[in-house]
Amino acid sequence: MQKMDLHGLSMYDAIKLNLSGSTVETAISYYGKKYSFDQVIGMIDVLADNFAAEFSLGKGDTVTLCVPNSPAALLAFYAANKLGVAVNLVHPYLPPEKLAESAAKTNSKFILVYDLYKGKASDFSLPVLVSDCGHFMGTVARIYYRMTNKRTMEGGIPFEQFLKNRNRPRRPSESFSDTEASVYLASGGTTGEPKIIMHNNYVFNNLCAKAEEFLSEPIENYRALYNVLPIFHGFGLCINMHMCMMMRRTNIMCIKFDAKRSAKQIIKEKANILTGVPTMFLKLLGEKTFVNGDLSALKDVYVGGDSVPDKLIEDFNAALKRGGSNARMYVGYGLTETVTVCLVNTRAHHAAGSIGYPLSNTAVRIYKEGKILPPDEVGEIYLDTDQFMLGYLEEGSSPFAEIDGRKWLKTGDYGWLDKEGFLYFKQRIKNMIKVSGVPVYPSEVEAAVLTVPGVKKACAVGMADSVRGQSVKLFVEPEEGEEPDALKAKILSVCREKLIAYAVPRVIEVREKLPVNLIGKIDRRALEES
């Protein structure tokens, strides 16, 4: 693989360099249809020209993408990046009210959603483009998709019309400095409160260039990655989409995970890499097509986004072995503040029970009460890496600390290091809940619930869930005279309307009084332990 200075290089320019020298021709495989790298880059260029002409889109602007893992997401992302435009990436299930809020915070010039998004163009005060997810599929899959899915998005401008070559002036690619944001990602921050994180191009290009550090075999042995993680997720954006484009490997796109169909795709298209959250892998283990299939093409499996049970790793590794694969499931650790993973178990560096060994230019320390702890003692995890964010979009307290002339990220997580440098996870300090790997913020759940007439107090906590890792449990203190079952029904109705699906409480417990601490705040810890 070529070695070069990646500073100041846009992600668009990076994908044109083909750093690995790969001869793989297919860039995207999407439900029965394949697109070459030449085709994809050609569509990106046409899209950039049309965006610039139609929306006066250019250097310093921002757009918001609220789309699942589809060719439209990839094309729109790189077209914006080519123009010097920052891209705000949000969860495709984000309710219209929250989507409008995110677009406004980032001063976006338009929003891209998809045909199955549940909203109306009139919900927004700026142009809304709508992608037809079936457009890029093969004929059979497209017919099936349209027969089994009814468009829910009302109004909007068809996105695919901007892929037509209108002989607009060809726009040159714009450069970004390393101090300019190219990507906005939503995160819980290191305190559990919702944040919008700013990243430059360099951190994505640089992490992809580290591929040989975590892959089990030489990069020339890999041809395709099965991609189920949407690009609003740092791992999905960087290690899946961008790495495939930058290293010229096939991105087998999955718009929505379905264990049976996904198992068939993984086997038929001979995917070499699987990435996902624990829920996905649990479902694959329950699918006969997968556990009885030929898995010999698989070389690496990476799981993250949530705590990973030891039994899942053992069972999945056993399934890989039975299927003829030498691959193993590897766990990693990272935060959106570091793009994604910056420590990971690999074939070269692996320790059972750990959440990883540092990638190059990453250091870990464990602190407690301002002091560095020795190996095997539990404290807060601090990171020093070349993958740091530029900062949070909105001003607030900084998660960084300057120590001994170095910049350290205070992660808000407890853990410990062993003598060999492997990191082990203890617990999250912050209150954020992860449901199937998706961050859920208790403050947002509580804010929605407190709008329900009859609710006096509310507290959302995470509870163990054998399938999702965690799910939301809600405690409510009612106004006097409220009937519990009727109140629960009202709460569920409002939550389904205002919250992302993962944030809707699975259990609601109505208590006469919620416990409070010495300063009068709801005692969250007491509720978590109850």
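Tutor: In this predicted model, K270 is found in the loop that runs between α9 (259-268) and β12 (273-276). K270 is not a glycine, yet its phi is positive, at about 55°. Its relative accessibility is 52%, and because the cut-off for exposed is over 50%, K270 counts as exposed.

D404 sits in the loop between β21 (400-403) and β22 (406-417). With a relative accessible area of 64%, D404 is exposed.

Strand β22 leads on to the strand pairing. β22 is joined to β19 by four bridges, and the two strands run antiparallel. One of the residues involved is Y382, whose bridge partner in β22 is K410. β19 also pairs with β17 (residues 362-368): six bridges join them, again in an antiparallel arrangement. There, T362 has T385 of β19 as its bridge partner. β19 itself covers residues 379-385 and is mostly covered, with seven of its seven residues buried.

Next come the aromatic rings. The structure holds 19 aromatic pairs. One of them is formed by Y302 and Y330, a tilted pair with 6.2 Å from centre to centre and 40° between the planes. Y302 belongs to strand β13 (residues 300-303) and Y330 to strand β14 (residues 329-334), so this pair ties together parts of the chain that are 28 residues apart in sequence. Both Y302 and Y330 are buried.

F388 and F400 form another aromatic pair, this one edge-to-face, with 4.9 Å centre to centre and 70° between the planes. F388 lies in the loop between β19 and β20 (391-392), while F400 is in strand β21, 12 residues apart, and the pair links these distant parts of the chain. F388 has a relative accessibility of 12% and therefore counts as buried. F400 is buried as well, with a relative accessible area of 16%.

Elsewhere in the chain, ring pairs link F51, F55, F110, F159 and F162 into a cluster. In the case of K59, the charged end sits over the ring of F176, at 4.5 Å from the ring centre.

Notes
Residues numbered from 1 in each chain as written. Predicted model: local features only at pLDDT ≥ 70, side-chain atom pairs only at ≥ 80, totals over all residues. Heavy atoms only, no water. Buried < 20%, exposed > 50% of the residue type's maximum accessible area, 1.4 Å probe, protein only. Pairing = 2+ DSSP bridges. Phe/Tyr/Trp six-rings, centres within 6.5 Å; stacked < 30°, edge-to-face > 60°. Lys NZ or Arg CZ within 6 Å of the ring centre and 35° of its normal.
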